[in-house]
Protein chains: 2
Amino acid sequence: MLRVVTTVNVNGLRAAAKKGFSAWLAATEADVVCLQEVRAEPEQLPAEIREPEGWHAVWAPAAAKGRAGVALLSRQRPERQRIGFGSAEFDTSGRYAEIDLPGLTVVSLYLPSGEVGTERQEEKERFMKEFLVHLLDLRTQAAVTGREVLVCGDWNIAHREADLKNWRANQKLSGFLPEERAWLTRVFDEAGYVDVVRRLHPDTPGPYSWWSYRGKAFDNDSGWRIDYQIATPGLAEQAVGARVERAASYDARWSDHAPVTVTYAAQA
Amino acid sequence: MLRVVTTVNVNGLRAAAKKGFSAWLAATEADVVCLQEVRAEPEQLPAEIREPEGWHAVWAPAAAKGRAGVALLSRQRPERQRIGFGSAEFDTSGRYAEIDLPGLTVVSLYLPSGEVGTERQEEKERFMKEFLVHLLDLRTQAAVTGREVLVCGDWNIAHREADLKNWRANQKLSGFLPEERAWLTRVFDEAGYVDVVRRLHPDTPGPYSWWSYRGKAFDNDSGWRIDYQIATPGLAEQAVGARVERAASYDARWSDHAPVTVTYAAQA
DNA sequence: CGTATAATG
DNA sequence: CATTCTACG
């Protein structure tokens with residue numbers, strides 16, 4: 001049996017809904033969809049998105065109005081759901097939600113974006129520090145219970161030179177700082193998670209999942225791969241296909257990010 | 001010789017420019033156009049509006065960005081121009097500018113809108129008090145120099161029951177309060193100015209010049225007459241025609257106000 | 001450059 | 001209900 005998972009940063013779900021997200025959702029073959037940057041209370045969303053027919057939805061809006069916000073949609077009813085990862089600072093910031101499906105925990109993550117030299121970069125670093133501890137916990141718990149874990153979302157870090165178009169020009173920019181890249185390496189090497197899309201496509205540049213709205217970034221494919229599906233090794237081995245659903249044109253986009261979709265040959 | 005004067009609150013000239021103001025300006029037969037709620041610095045405007053060919057422009061933006069702002073466009077070069085009416089509180093608020101043409105002073109006025117029970121209503125009242133003194137001054141100066149005066153603009157007050165659709169329901173609303181109506185009466189009776197459009201159309205309901213964007217106000221013609229041309233008696237007697245340039249449909253509008261145009265059989 | 005809020009009208 | 005501003009990304 002196959003299980004298809006998509007993650008996408010929608011950059012404002014109300015705006016995305018008007019531009020094409022609803023059509024995308026109606027057409028997708030995914031079994032689980034992880035959303036980031038919902039930027040709305042569920043009550044502010046049209047009903048067909050708040051409670052889509054055939055889906056179970058978990059909404060984790062931020063306390064601050066119009067900011068962040070993650071969600072998970074799954075065709076199966078989750079066994080359990082959880083908002084936040086046990087952080088006093090970040091649990092009401094709309095950056096983490098998880099659901100348990102049979103044998104599998106799926107997370108929707110929106111890691112803070114930073115800006116070098118500002119408080120926002122310090123916040124990003126605090127999040128990274130706390131979140132790595134949680135990832136280790138999650139891995140341990142999963143090993144004990146025999147579950148797999150899949151952390152989907154916008155991690156706001158490109159790992160390697162192949163993960164963004166102009167890596168040289170961006171080495172001092174938040175999102176490709178040496179310390180951020182090293183942190184992701186720890187996620188893989190110390191915590192033992194696997195970058196699923198990179199594992200399937202070891203040699204491709206990208207595939208990018210985010211293009212700035214500024215300038216001609218999209219048309220030039222001057223993008224970044226910052227949206228990941230990060231899995232425990234047992235699940236990563238089941239991944240049989242991955243693709244980025246890049247829009248056909250600038251105007252066909254409904255977000256500055258594109259959906260990242262992976263097909264798993266699941267045991268459950 | 002005829003002289004045509006238009007006054008219109010554009011509700012954001014940058015937005016209006018995109019929606020049809022530019023076309024309107026290119027087509028108008030007015031010799032003088034008074035604008036209110038420009039809501040932009042002249043530098044933020046497209047050149048064909050900032051310095052329209054064949055026109056002389058006077059811009060009086062507010063110190064607060066994106067607020068108020070009045071302007072005057074005239075085909076003739078003004079002999080003199082003035083921004084503000086000598087008020088410490090209001091001279092940088094983008095609510096008053098005047099030009100002198102031969103034998104005639106034209107004012108573009110944007111009287112503050114209020115809200116009962118708030119500081120904004122007190123501000124409106126302070127403006128009214130100061131402005132009436134200025135109107136008396138202006139009248140006296142004009143009499144001495146033998147000039148006529150025309151005060152065009154958004155006065156944010158409907159004078160009589162005929163000046164708005166549902167006067168009963170609006171008696172406690174700012175814009176139709178007894179004290180505001182009484183103040184306008186003083187402008188006419190004590191200061192000796194004449195409501196030119198009402199003089200030409202003594203019995204018509206309206207003609208309204210503002211319709212809320214909310215609900216079906218425009219389609220139901222549920223409007224207010226709050227944009228006036230208020231003239232010294234000698235000029236008022238020369239008025240030979242007046243009309244409100246109401247848009248053909250809701251979608252054809254480029255402001256929530258419509259231009260109020262008067263044709264004067266001028267001596268000069 | 002685009003999505004949100006907030007204040008204003 | 002529309003236009004702006006500001007914050008954020």
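Residues are numbered from 1 along each chain as its sequence is written, with chains lettered from A and ligands numbered from 1 in the order in which they are written. Because the model is predicted, local features need pLDDT of at least 70 and side-chain atom pairs count only at pLDDT 80 or more, while totals for chains, interfaces and linings use all residues; side-chain values use heavy atoms, leaving out hydrogens and water.

A search of the whole structure turns up 28 aromatic pairs over all chains (rings of Phe, Tyr and Trp, the last by its six-membered ring, with centres within 6.5 Å; planes under 30 degrees apart are stacked, over 60 edge-to-face, the rest tilted). Take B:W24 and B:W254: the ring centres are 5.8 Å apart and the planes stand at 50°, so this pair is tilted. It links distant parts of the chain, with B:W24 in helix 1 (residues 13–27) of chain B and B:W254 in the loop between strand 11 (239–244) and strand 12 (260–265) of chain B, 230 residues apart. Helices (H or I, at least four residues) and strands (E, at least two) are DSSP runs, numbered from the N terminus. B:W24 counts as buried at 11% relative accessibility, and B:W254 does at 12% (buried is under 20% relative accessible area, exposed over 50%, partly exposed in between, with a 1.4 Å probe and protein chains only).

B:F85 and B:Y96 make an edge-to-face pair, because their centres lie 5.4 Å apart with the planes at 65°. Both B:F85 and B:Y96 are buried.

Over in chain B's sheet, six strands run in the order 5-6-7-8-10-9, open and with mixed pairing (two strands pair if DSSP finds at least two bridges between them). Strand 5 and strand 9 (194–195) of chain B are the edges, each pairing on one side only. Strand 6 and strand 7 (residues 104–110) of chain B run antiparallel, joined by six bridges.

Just past the end of helix 3 of chain B, B:G146 takes a positive phi of about 75°.
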